[in-house]
Amino acid sequence: MTTTAQPTATTARHRSVGVAHTRVEGRDKVTGAARYASEQPFANLAHGWLVLSTAARGRIRAIGEEAVRTMPGVLAVLHSGNAPRVLTDYVSLLGPPDPTNALFQHDRVPHIGWPVALVVAETPEQAREAAEALVVEYEVEPHDVAFHADRPDSYVPDDGNAVLTKGDLEAELAASAVVLDATYTTPEQHHSAMEPHAATARWDGGRLDVLDANQGAMWVADELAKMFSLDPSSVRVRSEHIGGAFGSKGLRPHQVAAVMAATVLQRPVRVALTRRQTFAVTGYRSPTAQRMRLGADPDGRLRAFGHEALNLTSTLRPFVETSAALGRVLYDARAHHTAHRLVDVDMPTPTWMRAPGEAPGSFAVESALDELAERLDMDPIALRARNEPTVGPLSGLPFSSRDLLGCFEEGARRFGWAERDPRPRLRREGRWLLGTGTAAATYPSGAAPSTASVTAEADGTFTVRISAADVGTGARTALTLIAAEALEVEPERVAVRIGDSDFGPAWVAGGSMGTRSWALAVTSAAAELRGRLALGDGEIPPEGITAHTDTAGLLAELAKKERHSFGAQFAEVAVDPATGEIRVRRMLGIFAAGRIINPLTARSQLVGGMVWGLSMALHEEAVRDPASGSHIGADFAGYHVAANADVPVIEADWIEDPVPDDPVGLKGIGEIGIVGVAAAISNAVWHATGVRHRDLPLRPDRVLRAEEARTGA
């Protein structure tokens, strides 16, 4: 039987893109019908529990597996003496593999929390009991986890983008009427996704089937195939629902452990991490020490812009927190010098964390601009406008679109910036000192090759298949709206299937590149399908008609330009100088982020980023014990994060930002919301108290010490 299922013209009533739409999977999530990685049912399921090193550096001398093998339910104990061998000399979608994922391949321990064994049992309770009973003996060596700006062993990584420069920085600093030279620090921070990491692996008809929580099913499938020397077609990774990721959910030790155990036992094995374990093995944001050197003429024109950023990495491989990248886009100067340096320590390798580089970098850059404005006796927004570039300050490339000043103009109007007295420590409300601050935000808007297919079904509906990942951003809903508009049908006639590596290569949910990359693939496939339907006789066979596309060629044809989202952040704070307490009373973010697909989920993303920025400013700080190298308080009791209730009033909005030469007109919004928030809050604290803070977080004890220093008490 065949039917006719031609797309119908879109009317105002059926307009999709730009209209608020609730999440298509929303009902499933609130009713519990949506199953996350650790909730998928399997027959004959075994459970693995990772054992992590308690030594910060050294070698494994002995593993007392005999004592736990006889414990109830224990099926296997995997370690460096008996685990399957894996390959590590490959390059994946995102570069060389993380050595941490090559589990149990040697007896070296490079840092505390290093996986040393996996205990597998019939139930998770049995696996945990046996894992906690497993005795591991170490030959302990001295370790080093110290991080500070003055480490003499820091180095420039072997990276073509580590240092970018133009002009003579030292000469322009010497010629400047006003010079700022200051160092800003940010602490170690963790992703803290609501859903911890979990994966289940099984062999099914000769194929490795992995159900996971990740940011890119094809990425993880590709790595597992290479690591275990498997044909790519024999590996399937599915990740339908993810409860937050923020950069931490790529390939991690728990997936590799699950595959190893499933291979050894020939039955499904699930490995789920505890909250404490996620602090040890799923990555984190490195602490930073950032030296800013700015030189300006009396009118505020920058002659010199210098930004040197230091972060730590492990002894296993270099990881650069690209904090100095922000200024390469935001501000022009005659001399521009930005550089990244690393120091190797006995700690896990850092990784990408929401707005990698730009989030900590914006605290340094935007705090320094505010300090410079104070010394120049200029309005902070006027100083930023004075140094607005017309092309990329270092690249010389044109911007695809840029309306940072429009964001500041609209934000200042709505925030009431014109009524602000610039002098600090003047506004008071009872015991509270009040202040306001602002900061600029930017984040790259890239795109990567992706594939997608769109099928016209015999029942008049359409099915989109793409290896996208919805990590809580509303990507599934956005793609539904994009496909509906491209097909000129109502969203209710479109079903989007994601999170399956069998759908082919696609970019990951990361770098604020996901929706833009996937949208191009989906619209291209939809256009091809519409063309085929227009040429056909209108009859849809039972199997449907499918169009498939790969966007590599389309992206290669795009003109080289600086492509970024921009924004302006505003904050009002109240500070109690007697207790050091800081309360953020209101926040406003105005953004220029291209075409907004779904205003409902877009605003949610931006607000979420701004709340995270507040969390970064006031709360988040992972502390390590230098004697043991381990975390102090690796849980939500010891590692504090902000919630929406921490901000009584928070608004996020956007201005029109057309991108004329872009095939989809989208820019990323997943990460820009956090950028600049910490600086805006810190600048507001200065305005309230008259004291400048250069170290995050803005803890009460730091406020009190600053107040004591100010008064000489």
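**Strand 9**

I started at A182, which stands opposite M292 in strand 14. The model I am reading is a predicted one. I then looked up how the two strands run: strand 9 and strand 14 (residues 288–296) pair in the antiparallel sense, over nine bridges.

Next I asked which residues of strand 9 (residues 178–186) lie on its covered face. I noted V178, L180, A182, Y184 and T186 there. The uncovered face holds V179, D181, T183 and T185. I recall that side chains in a regular strand alternate between the two faces of the sheet.

I looked up a sheet of three strands and found it open, with the order 5-3-7 and antiparallel pairing. I noted strand 5 (108–109) and strand 7 (136–140) as the edge strands, each pairing on one side only.

I then followed strand 3 (residues 58–63) to strand 7: the two run antiparallel and are joined by five bridges. I marked G58, which stands opposite V140 in strand 7.

**Helix 12**

Does helix 12 come out as enclosed or open, and why? I counted twelve of its 13 residues as buried, so helix 12 is largely enclosed by the rest of the structure. Buried here means under 20% relative accessible area. I listed the buried residues as A475, R476, T477, A478, L479, T480, L481, I482, A483, A484, A486 and L487.

I also looked for what covers them. The cover includes strand 19 (451–456), strand 20 (462–465), strand 21 (494–497) and helix 13 (514–535).

I checked the length of helix 12 (residues 475–487) as well. At 1.5 Å a residue, its 13 residues should span 18 Å, and the end C-alpha atoms are 18 Å apart, which agrees. Just after helix 12, I found E488 with a positive phi of about 60°.

**Helix 9 against helix 16**

Last, I looked up a helix pair. Two packed helices are described by the angle between their axes and the distance between the axes. For helix 9 (residues 358–376) and helix 16 (residues 677–689), I noted an angle of about 35° and axes 8 Å apart. The crossing of helix 9 and helix 16 is right-handed.

Which residues make the contact? From helix 9 I wrote down S362, F363, E366, S367, D370 and E374. From helix 16 I wrote down A678, A679, S682, N683 and W686. I sorted the residues of this contact into four nonpolar, four polar and three charged. I recall that an α-helix has 3.6 residues a turn, so residues three or four places apart point the same way.

How values were computed
Residues are numbered from 1 along each chain as its sequence is written. This is a predicted model: local features need pLDDT of at least 70, side-chain atom pairs count only at pLDDT 80 or more; totals for chains, interfaces and linings use all residues. Side-chain values use heavy atoms; hydrogens and water are left out. Axes are lines fitted to C-alpha atoms, for helices over the stretch in contact, and angles run from 0 to 180 degrees between N-to-C directions. Helices (H or I, at least four residues) and strands (E, at least two) are DSSP runs, numbered from the N terminus. A crossing is left-handed if the near helix is turned anticlockwise from the far one by less than a right angle, and right-handed if clockwise. Contact means heavy atoms within 4.5 Å. Ala, Val, Leu, Ile, Met, Phe, Trp, Tyr, Cys and Pro count as nonpolar, Asp, Glu, Lys and Arg as charged, and the others, Gly among them, as polar. Two strands pair if DSSP finds at least two bridges between them. The expected span of a helix is 1.5 Å times one less than its number of residues. Buried means under 20% relative accessible area, exposed over 50%, partly exposed in between (1.4 Å probe, protein chains only).
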